[in-house]
Amino acid sequence: MPFLSDTLARVSPSPTVAVSQKAMELKAAGHDVIGLGAGEPDFDTPGNIKAAAIAAIEAGKTKYTAVDGIPEVKQAICAKFKRENGLDYVPSQVAVSTGGKQVLYNALLATLNPGDEVIIPAPYWVSYPDMVRLGGGTPVIVETTLEDGFRISPEALDAAITPNTKWFIFNSPSNPTGAGYSHTQLKALTDVLMRHPHVWVMTDDMYEHLAYDGFEFCTPAQVEPGLYDRTLTVNGVSKSYAMTGWRIGYAAGPERLITAMRKLQSQSTTNPCSISQWATVEALNGPQDFLAERCAVFSKRRDLVVAGLNACDGITCAVPEGAFYVYPSIAGCIGKTSAGGTVIDTDEAFATALLEEQGVAVVFGAAFGLSPYFRVSYATSDDALADACARIKTFCAALA
Ligand SMILES: Cc1ncc(COP(=O)(O)O)c(C=O)c1O
């Protein structure tokens, strides 16, 4: 009898681990490494949110809570959906979990049966396909291109739908590309989905507040109210409110789905951290003006990084609408050899050689399902970004 489960065998080890492991080893050995791999804002959690958490601790709000969230946080979430997305939800349609990750995981585990397909545009956030496999479903990957702005076309979506399609996972602005869908672009996709009433929509709106150049965020159930009854709208405080460590994500959708997700959560983690829930009440109900201030900083960094990367031989970098990532193509570097003698035959080889030879840690595109690219997280200081771009330029200039 094997000790490890067949379920575990369905999951592949995280391809990002190799790069981070190597970066840690080099740092520990005293090398000067610039990390552009982290998927979290470098800003601190705002003071009013921290104060709300401290007040919650002092008031003894330190016990188990309702499985899917305290009434106050569910109210704040309903108000947020109404205020920012024009979506009407009542608390029984809302689930709060330990990060957006658990929300997505609960939803997939609660609904997938063997043979069920889940459409995921690539490049994708690394966890989607593995979560689908863990849930017993089959990921159906639809590749996008740099030329199409890394956006899935309505035709490609339509072609990927089969009678077995259960979910379409949508993520705008996207990790890892930063690509965002305009109202018109999203409407073209929702029109397709309206023709396939058996397909549910899981929209991952984690980067809603990180949008630049006047890009107007929109979400499927808002763009097409006809999808309301089969859409799970997922969001969280990790990225927008710089609260990655607090572990709060939430979703709203049809009550029968939310009830199923709650059932699953009641037998795994029970409730999300009570203190973090009170912090989230303050995050969602409190002042929002810092969001625009932080966006202005991110937008400048994005411009700095895009310009820096486009100045490198063999690299082409698009200007994304949001998030804090860029996803440059290294098509012009493939087949060359680095100064250190590495043949750049894949984006993984590129990332490894860049780390070893120039001390810049990035995540290679294969990890996100689309090559030959790499992902840069620009949630770090201007100085570090400028230094990293200069090093990447040196690295590329030496390719022969
Ligand atoms: C697209 C996307 N969805 C969900 C998550 C999960 O966020 P959380 O920290 O709330 O679990 C991330 C985090 O990297 C993400 O990039």
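Colleague: Where does the ligand sit?

Modeller: The ligand sits in the largest pocket. A pocket here is an open set of points on a 1 Å grid over the protein atoms alone, with protein on both sides within 12 Å along at least five of seven lines. To sit in a pocket or cavity, a molecule needs more than half of its atoms within 2 Å of the grid points.

Colleague: Before we go on, what kind of model is this, and how are residues numbered?

Modeller: This is a predicted model, where local features need pLDDT of at least 70 and side-chain atom pairs count only at pLDDT 80 or more, while totals for chains, interfaces and linings use all residues. Residues are numbered from 1 along each chain as its sequence is written, and side-chain values use heavy atoms, with hydrogens and water left out.

Colleague: Ok, back to the ligand. How many residues surround the ligand, and which are the closest?

Modeller: The ligand is surrounded by 13 residues, with Gly100, Asp204, Tyr207, Lys239 and Arg247 the closest. A residue is near if one of its heavy atoms lies within 4 Å of the molecule. By class, that shell has four nonpolar, five polar and four charged residues. Nonpolar covers Ala, Val, Leu, Ile, Met, Phe, Trp, Tyr, Cys and Pro; charged covers Asp, Glu, Lys and Arg; the others, Gly among them, count as polar.

Colleague: Which helix gives the most to the shell?

Modeller: Helix α5, residues 99–111, gives the most, with three residues. Helices (H or I, at least four residues) and strands (E, at least two) are DSSP runs, numbered from the N terminus.

Colleague: Which polar side-chain atoms lie 2.7 Å or 2.8 Å from an oxygen atom of the ligand?

Modeller: One belongs to Tyr207, at 2.7 Å from a ligand oxygen, and another to Ser238, at 2.8 Å. Lys101 comes in through its backbone, with an N or O atom 3.0 Å from an oxygen of the ligand. A polar contact is a pair of N or O atoms within 3.5 Å.

Colleague: And how much of the ligand does the protein cover?

Modeller: The protein covers 92% of the 400 Å² of accessible area that the ligand has on its own. Those areas come from the Shrake-Rupley method with a 1.4 Å probe.

Colleague: How much space lies in the largest pocket?

Modeller: About 860 Å³. A volume is the space filled by probe spheres set on the grid points, which are joined across faces, edges and corners.

Colleague: What about the second largest pocket, which residues line it?

Modeller: Its lining consists of Ala110, Thr111, Lys166, Trp167, Trp200, Arg256, Leu257 and Ala260. The volume of the second largest pocket is about 180 Å³. Helix α10 (255–266) provides the largest share of that lining, three residues.

Colleague: Switching topic: how many cavities of 30 Å³ or more are there?

Modeller: Two. A cavity is a set of points where a 1.4 Å probe fits but cannot get out. The largest cavity has about 120 Å³ and 15 lining residues, with Pro121, Pro123, Asn171, Ser174 and Tyr181 nearest its centre. Its lining has 10 nonpolar, five polar and no charged residues.

Colleague: And the second largest cavity?

Modeller: About 60 Å³ of space lies in that one. Its lining residues include Pro41, Phe43, His209, Lys239 and Phe298. Lys239 is also one of the closest residues to the ligand.

Colleague: What is phi of Arg247 like?

Modeller: Phi of Arg247 is near 60°, a positive value in a residue other than glycine. Arg247 lies in the loop between β7 (231–236) and β8 (249–252).

Terms used: Polar contact = N/O pair within 3.5 Å; in protein donor to acceptor, adjacent residues only side chain to side chain. 1 Å grid on protein atoms, 1.4 Å probe; cavity = no way out; pocket = protein on both sides within 12 Å on 5 of 7 lines; lining within 4 Å.
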